[in-house]
Amino acid sequence: MTDDVVLPEGFEKVEAAVYRKGRELLVVGVLAPEGPFAFRVQLGEAPEAGEAPADAPEPEDPGPPPDGYEWTGEVRPPRKGEYFWSEIRGRVVQAIKDETGVNQFGEPTGGRRILRPASAPARPRLRLVKDDDEG
């Protein structure tokens with residue numbers, strides 16, 4: 001079965017033994033010249049798209065919102081045009097397209113803390129009135 005697998009460029013085939021015990025896998029082998037290796041993998045259920053894993057920690061208190069924004073309390077993939085807090089950039093970002101909640105490999109990416117612009121104070125409106133008395 002593994003003979004017809006095409007290896008990605010730069011990888012070499014390694015002989016290893018795989019053992020299973022319930023939802024746990026043990027992989028054991030020897031690398032030349034490095035020596036023996038072993039690692040354990042715990043299999044889990046893949047969450048549905050947009051759903052947090054069952055063992056995901058509760059979101060922590062995000063603290064005060066950035067100036068000009070307020071937290072919606074939602075943690076999910078943002079929709080096009082929505083604002084969210086980017087952990088990577090450390091600032092507010094507006095989504096340029098709908099996010100699916102999964103990456104290109106189909107792995108769940110989790111959600112983002114959604115923001116909305118804070119309500120701006122009411123501004124006086126300028127109203128133009130034509131004066132018909134001029135003539």
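The legends below describe close-up views of a predicted model.

Residues are numbered from 1 along each chain as its sequence is written, and side-chain values use heavy atoms, with hydrogens and water left out. Because the model is predicted, local features need pLDDT of at least 70 and side-chain atom pairs count only at pLDDT 80 or more, whereas totals for chains, interfaces and linings use all residues.

**View 1. The open sheet of four strands.** The strands of this sheet follow the order S4-S7-S5-S6 with antiparallel pairing, where strands are DSSP runs of E with at least two residues, numbered from the N terminus, and two strands pair if DSSP finds at least two bridges between them. S4 and strand S6 (91-94) are the edge strands, each of which pairs on one side only. From one strand to the next the twist averages 40 degrees, with axes taken as lines fitted to C-alpha atoms and angles running from 0 to 180 degrees between N-to-C directions. Four bridges join S5 and S6 in the antiparallel sense, and Tyr-83 stands opposite Gln-94 in S6.

View 2. Arg-113 lies in strand S7 (residues 112-117) and counts as buried, at 16% relative accessibility, where buried means under 20% relative accessible area, exposed over 50% and partly exposed in between (1.4 Å probe, protein chains only). The side chains of Arg-113 and Glu-87 are joined by a polar contact of 2.8 Å, a term for a pair of N or O atoms within 3.5 Å of which, within protein, one must be able to donate a hydrogen and the other to accept it, while residues adjacent in sequence count only if both atoms are side-chain atoms. When neighbours within four places in sequence are left aside, the residues in contact with Arg-113 (heavy atoms within 4.5 Å) include Trp-71, Tyr-83, Trp-85 and Glu-87.

**View 3. The aromatic pairs.** Two aromatic pairs are found in a search of the whole structure; rings of Phe, Tyr and Trp (its six-membered ring) pair if their centres lie within 6.5 Å, and planes under 30 degrees apart count as stacked, over 60 as edge-to-face and the rest as tilted. Phe-37 and Phe-39 form a stacked pair, at 6.3 Å centre to centre and with 20 degrees between the planes. Phe-37 is partly exposed at 22%, and Phe-39 is partly exposed at 41% relative accessibility. Tyr-69 and Tyr-83 form a tilted pair, with 5.4 Å centre to centre and 55 degrees between the planes. This pair links distant parts of the chain, with Tyr-69 in strand S4 (residues 69-76) and Tyr-83 in strand S5 (residues 83-86), 14 residues apart.
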